Amino acid sequence: MRIEPAVALVGHVAVPGDKSISHRALLLGAIGEGETRVSGFGRSGDTQATVDAVRALGVEVEDVADDELVVHGVGLRGLSAGGVDCANSGTLMRLIVGILAGQDGEFTLSGDESLSGRPMERVAEPLRRMGGDVETTGGHAPIVVRGSGSLHGIQFEPEVASAQAKSAVLLAGLNADGATTVVERIPTRDHTELMLEAGGVRVRRRANTVTIEPAAALRLGEVIVPGDFSSAAPLLAAAALVPGSDVTIHELGVNPRRTGLLDVLARMGARVSVFNRDRVGREPIASVQVQPGELIATEIRADEVPALVDELPLIALLASHARGETVVNGASELRVKETDRIEAVTDGLQSFGARVHSRDDGWTITGVPTRLRGGRIDARGDHRIAMLGAVAGLSSREGVAIEGADTAAISFPGFYELLESVTRR
Ligand code: S3P
């Protein structure tokens, strides 16, 4: 696919439902009581893997519409033994393993080539400490879980800031004896905690800890999924980069643990406004408007990373246009995402003419306030790299060809069409 340069991006749009929340609604609905109606569901390659996974474990899921489904819960320990193909989804694999540790029977979790290379001991090790029987293959998938009726609560301090590792342990804690506490030096997205609370589970939250008590039952009833901030991010970044742009995204999830990009855009000099603030369930939503400004370099600190982790490739592109030197620190997790995003971004942006250099845990980027030349980028099977290529194409002089552009559908089917709908040439 080729993305030609844009004259401006202008319009009011909405994006599909949040991927993190959609996965959680399915997984918690599956072990809930009765029916959970999920509306605003963000259907994508990843979330469809979760639909298929819970079905494979004996849960009925009714597809009411593309963005609406009903999950018939089987109760906290009611999943049937079986095999689960997690496809490309790290969130599915890491969250479901926490749920399975406390079920009866044997489960095998596998994934595609990319997922099979990603680290899984970060969830397996704490689950074993809880009494779970969780075996990885040299630290990776396939994972075999032999469910155990005798988990016990622990206090867990993950070595890496990861909402997925935190969630796995909290979900196992539902079926454990005693309380389970996760200590977080740097807070990560809290969608699991919010949804557990909504389901009636006792959740205690302090500045750096979250504790859950074992639950007798979980009942969600209805989950309304807000727009996915990470799917909106490419449009917001493009609006900040292309002169004359003005893009507003409505009913967008603005959980503060997800919206670090907005702070970075504002301090780099883009014009950002957030209005129509409201809530769906426990999740905050708003309309977010971005217009360009003269961008200046910034520094991304390690403690900011979880709130913008999936947006870092876009931040590298923004920094390539921002006067001065930008340094991104504390982002070594990018090396174990769907691909090594540090190298994928460096290779792609350098080939467009940007002055980007990889560090172990991020980049240094010398920005020049002019359009990049453009060229060709290989998505490397990573949806976020494909979307980065599209934004780079819009803000380039000569356009960008994306190899493997289809991979955007892992998180955002319809991405290129929506982008095109706001693009003026
Ligand atoms: C996610 C957490 C993040 C994020 C991923 C989704 C989640 O991963 O990068 O896209 O839904 O919990 P880590 O928990 O590994 O940082």
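Reader: Is Phe412 buried or exposed?
Author: The model is a predicted one, in which local features need pLDDT of at least 70 and side-chain atom pairs count only at pLDDT 80 or more, while totals for chains, interfaces and linings use all residues. Residues are numbered from 1 along each chain as its sequence is written, and side-chain values use heavy atoms, with hydrogens and water left out. A residue is called buried under 20% relative accessible area, exposed over 50% and partly exposed in between, with a 1.4 Å probe and protein chains only. Because its relative accessible area is 3%, Phe412 is buried.

Reader: How far is Phe412 from Ile296?
Author: Along the chain, Phe412 and Ile296 are 116 residues apart.

Reader: Which residues form one aromatic cluster with Phe412?
Author: Rings of Phe, Tyr and Trp (its six-membered ring) pair if their centres lie within 6.5 Å, and planes under 30 degrees apart count as stacked, over 60 as edge-to-face and the rest as tilted. Under this rule there are two aromatic pairs. In the pair made by Phe415 and Tyr416, the ring centres are 5.0 Å apart and the planes stand at 65°, so this pair is edge-to-face. The residues that form one cluster with Phe412 are Phe415 and Tyr416.

Reader: Are Phe415 and Tyr416 buried or exposed?
Author: The relative accessibility of Phe415 is 1%, so Phe415 counts as buried. For Tyr416 the value is 12%, and therefore Tyr416, too, counts as buried.

Reader: Which helices each supply at least two residues of the shell around the ligand?
Author: A residue is near a molecule if one of its heavy atoms lies within 4 Å of it. The residues around the ligand include Ser20, Arg24, Thr91, Arg94, Ser162, Ala163, Gln164, Arg189 and Lys337. The helices that each give at least two residues to this shell are H1 (19-30), H3 (90-100) and H5 (163-173).

Reader: How much of the accessible area of the ligand does the protein cover?
Author: A polar contact is a pair of N or O atoms within 3.5 Å; within protein, one must be able to donate a hydrogen and the other to accept it, and residues adjacent in sequence count only if both atoms are side-chain atoms. Oxygen atoms of the ligand lie 2.7 Å from a side-chain N or O atom of Arg24, 2.9 Å from a backbone N or O atom of Gln164 and 2.8 Å from a polar side-chain atom of Asp310. Of the 380 Å² of accessible area (Shrake-Rupley method, 1.4 Å probe) that the ligand has on its own, the protein covers 93%.

Reader: How many residues of helix H9 are buried?
Author: Helix H9 spans residues 312-320, and its buried residues include Leu312, Pro313, Ile315 and Ala319. Ser320 also lies in helix H9 and counts as buried because its relative accessibility is 3%. The helix is largely enclosed by the rest of the structure, because the number of its nine residues that are buried is nine.

Reader: What is the distance between Ser320 and Val356?
Author: These two residues are 36 residues apart along the chain. Between the C-alpha atoms of Ser320 and Val356, the distance is 7.3 Å.

Reader: What is the phi of Glu251, and what is that of Asn276?
Author: Glu251 lies in strand S17 (residues 246-253) and counts as exposed, because its relative accessibility is 58%. Asn276 has its place in strand S18 (residues 271-280), and at 52% relative accessibility Asn276 counts as exposed. Neither residue is a glycine, yet both have a positive phi. For Glu251 phi is about 50°, and for Asn276 phi is near 55°.

Reader: Where is Gly105 found?
Author: With a relative accessible area of 33%, Gly105 is partly exposed. Gly105 is 62 residues from Arg43 in sequence and 29 Å away in space, C-alpha to C-alpha. Its place is the loop between H3 and strand S7 (106-110).

Notes. Helices (H or I, at least four residues) and strands (E, at least two) are DSSP runs, numbered from the N terminus.
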